[in-house]
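These are my notebook entries on a single structure.

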Amino acid sequence: MKRRNAVKAIVLAGVSSPSLPVFGHQPSLKSKKAMWNKTKFTALLGIDYPIVQGPFGGGLSSVKLTSTVSNAGGLGSFGGQPYSAKEIIKISKEIRKFSNKPFNINLWVNDRDARLATFGDDDYKKLTALFEPYFNELGLPIPERPSNLGTKFEEQIEAIYEAKPAIFSFVYGIPSANILENCRRLGIKTLGAATTVDEAIALENAGVDAIVATGFEAGGHRVSFLRSAEDSLTGTFSLIPQVADQVKIPIIAAGGIADSRGIKAALALGADAVQMGTAFLATAQSNASQDHKDKLFTPDAKYTTLTKVFTGRLSRGIRNRLTEELKEHENLLAPYPLQSKFMGFLKSYPATTNSNPDFKAFWAGQSASLLKYRDAKILMETLVKEMNGK
Ligand SMILES: Cc1cc2nc3c(=O)[nH]c(=O)nc-3n(C[C@H](O)[C@H](O)[C@H](O)COP(=O)(O)O)c2cc1C
């Protein structure tokens with residue numbers, strides 16, 4: 001039975017009232033207030049709370065953050081995107097030193113834009129001309145076109161098989177049936193990201209175990225794979241109930257959730273868990289630079305934008321001089337990962353060190369200005385306390 005019909009049937013049977021939120025997929029709705037944390041997703045992984053710390057690419061994840069959140073009863077995640085297979089195995093061992101709880105390793109299935117094949121030397125010249133004033137201003141040389149832009153995913157997936165995290169999450173597509181089968185055989189649960197209802201359906205049809213349905217409020221990249229990111233800009237409030245009507249596997253809501261009000265809303269809309277990114281990025285345990293963390297607590301955090309400037313792929317961060325001045329010139333930017341390599345020369349990407357705020361990628365979601373906590377353990381404890389009604 002589709003979830004909407006199930007809810008209707010429960011209401012008709014007098015178990016619930018239409019004015020009360022119906023949380024996740026609970027076995028019994030009679031004691032639902034006490035059971036907010038018992039969902040299909042917590043059952044899948046055997047974790048205490050349906051709160052996922054979102055993975056961060058670009059080197060912004062940390063062993064400390066992942067293990068802190070897992071130890072606090074949520075699901076800690078680590079973004080493996082920039083790392084080699086060897087490094088991912090080492091990172092997983094490190095996480096296990098600090099936590100014996102389930103954790104998630106995340107990869108980008110598609111980590112190389114097809115447009116790279118047609119991005120010629122003339123295009124690169126136009127790109128350098130666009131950025132020349134900035135390189136000059138910083139006294140930096142104009143870089144030669146970077147090479148070595150091969151895909152990492154095929155090598156990284158081998159590390160997943162070896163590291164065997166409880167859950168392997170992925171973005172920008174669906175891994176092959178063979179990969180999904182290998183994960184099943186090894187007891188690794190799979191979690192795919194959807195930015196549209198059609199992507200959620202495709203993920204369920206491929207046999208993944210759960211879906212992160214991510215609204216366009218989210219910080220970081222817009223990880224669409226069926227249509228362009230620009231054509232997949234659904235907000236979390238619209239996306240979650242639509243996905244809930246169409247798929248049966250657990251749904252994790254992501255994008256714009258920064259406090260317990262967001263968690264309650266997501267569960268009421270049909271999610272089985274939430275994934276929070278920006279709120280955890282701001283904590284001492286993340287690998288974001290101090291200037292980035294501090295920026296998230298300034299009034300500037302009220303104004304985010306979707307931009308391709310930093311990596312060549314659409315992503316959300318706090319507006320700054322670069323995002324605003326180059327807004328009308330995004331057609332000249334290079335595809336991923338060439339653009340991100342190029343921005344590395346301008347010290348704009350990755351954002352792991354303090355650098356010039358005019359040029360830096362201050363990744364943030366639209367709810368950044370709701371942030372209050374600078375410690376991941378305190379953030380987790382506060383969310384749980386508030387969800388428990390204390
Ligand atoms: C800096 C940054 C990097 C991110 N990198 C990844 C990534 O590599 N893989 C991924 O699945 N999600 C990534 N995300 C998305 C988060 O895991 C999470 O889904 C998102 O931040 C939720 O929205 P919120 O920021 O509004 O809480 C990233 C988010 C941020 C802010």
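I first examined the sheet: 8 strands form an open sheet with parallel pairing, in the order S1-S9-S8-S6-S5-S4-S3-S2. Strands are DSSP runs of E with at least two residues, helices are runs of H or I with at least four, and both are numbered from the N terminus. Two strands pair if DSSP finds at least two bridges between them. At the edges I found S1 (51-53) and S2 (76-79), each of which pairs on one side only.

I recorded that this is a predicted model, in which local features need pLDDT of at least 70 and side-chain atom pairs count only at pLDDT 80 or more, while totals for chains, interfaces and linings use all residues. Residues are numbered from 1 along each chain as its sequence is written.

I then looked up S4 (167-171). It runs parallel to S5 (residues 189-194), and 4 bridges join the two strands. Phe168 has Thr190 in S5 as its bridge partner.

Next I turned to the ligand. Its shell holds 30 residues, of which Gly54, Gly57, Gly220, Gly277 and Gly365 come nearest; a residue is near if its C-beta atom, placed from the backbone, lies within 6 Å. Helix H11 (278-281) is among the elements that supply at least two residues, and H11 gives the most, with 3 residues.

Finally, I asked where Gly270 is found. Gly270 is in the loop between helix H10 (260-268) and S9. Gly270 is buried (20 or more other C-beta atoms within 10 Å, placed from the backbone), because 23 lie within that distance.

Technical notes. A residue is buried if 20 or more other C-beta atoms lie within 10 Å of its own, exposed if 12 or fewer, and partly exposed in between; C-beta atoms are placed from the backbone.
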